[in-house]
Amino acid sequence: MLRKLCMGGLMVAGMMAAPVAFSQSVHQALSELESIMADDSRRDAAYAAGKERILFCGSCHGKDGNSRRDYIPNLADQHPLYLFEQFEKFGNGVREDYVMSKLAQTLTVEERINIAVYYSLQQAKPRTSPAPDLIDAGRAKFQAKCSACHGKEAEGFRDMPRLAGQPSEYIKIALKRFKEMDPAAQSSPMIGIAAPLTAGDVEELAAFLTTL
């Protein structure tokens, strides 16, 4: 596996070259996904089907959605619509990753829905911070700069990814990529947020978020 942001982007709802206009068929799929999540029996069936289909995904992201490598994001407890939309972006080329782009193109819409349902219902597990002395400073920076979009506890919602419990290395990689993006060529609110962050800020945010 290359050291790239796999499924997640998680940190990064906005890791894209331009704003996305989903097709009518994708909007229909999103509506179907919402209906499934609201129906206990259909949700259980999708969960079971997703559990069978994530064998390949689990080798990197973990069978329970908690990643097995520190540079790969957790998928556990992400919003199912967010997860489905990331599959679509990898499938249509808006986002690119050596592994995820190819994988997304092999999955049917139903399989994408089932996988999104399965991982959304897993429990995210906090990690031990590699730098516990930085946690308090990271908490203050998160509340000032990030909580308005990602939630007070970094829980995320809808199209804003969950950051709580993400591996610290993954968070640092994601923020570094945003800092290196050209705002004239790429569109993401995270570019402006990440630009003024110092290396110390990034270390503090990563130390805090990984423990939630």
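This is a predicted model: local features need pLDDT of at least 70, side-chain atom pairs count only at pLDDT 80 or more; totals for chains, interfaces and linings use all residues.
Residues are numbered from 1 along each chain as its sequence is written. Local features need pLDDT of at least 70 and side-chain atom pairs pLDDT 80 or more, while totals for chains, interfaces and linings use all residues, and side-chain values use heavy atoms, with hydrogens and water left out.

**Exercise 1. The overall fold**

Task: find how many helices and strands the protein has, and what share of its residues is buried.

Solution. Start with the secondary structure, where helices (H or I, at least four residues) and strands (E, at least two) are DSSP runs numbered from the N terminus. The protein has 11 helices and zero strands. Next comes burial: buried means under 20% relative accessible area, exposed over 50%, and partly exposed in between (1.4 Å probe, protein chains only). Of the 212 residues, 50% are buried. Finally, turn to contacts, meaning heavy atoms within 4.5 Å. Among those between residues at least 6 apart in sequence, 77% join residues at least 24 apart.

**Exercise 2. Helix α9**

Task: work out how the span of α9 compares with the expected one, and which of its residues are buried.

Solution. The expected span of a helix is 1.5 Å times one less than its number of residues. Now look at burial: S168, Y170, I171, I173, A174, L175 and F178 are buried in α9. Their cover includes α10 (189–194) and α11 (199–209). R177 also lies in α9, but is partly exposed, with a relative accessible area of 30%. Between R177 and I191 there are 14 residues in sequence and 8.8 Å in space, C-alpha to C-alpha.

**Exercise 3. Aromatic pairs**

Task: find how many aromatic pairs the structure holds, then describe the pair of Y47 and Y118.

Solution. Rings of Phe, Tyr and Trp (its six-membered ring) pair if their centres lie within 6.5 Å; planes under 30 degrees apart count as stacked, over 60 as edge-to-face and the rest as tilted. The structure holds three such pairs. For Y47 and Y118 the centres are 4.9 Å apart and the planes at 45°, so this pair is tilted. Y47 lies in helix α2 (residues 40–53) and Y118 in helix α6, so the pair ties together parts 71 residues apart in sequence. Y118 is buried at 4% relative accessible area, whereas Y47 is partly exposed at 27%. The rings of F142 and F208 are also tilted, because their centres are 5.8 Å apart and their planes at 50°. Both F142 and F208 are buried.
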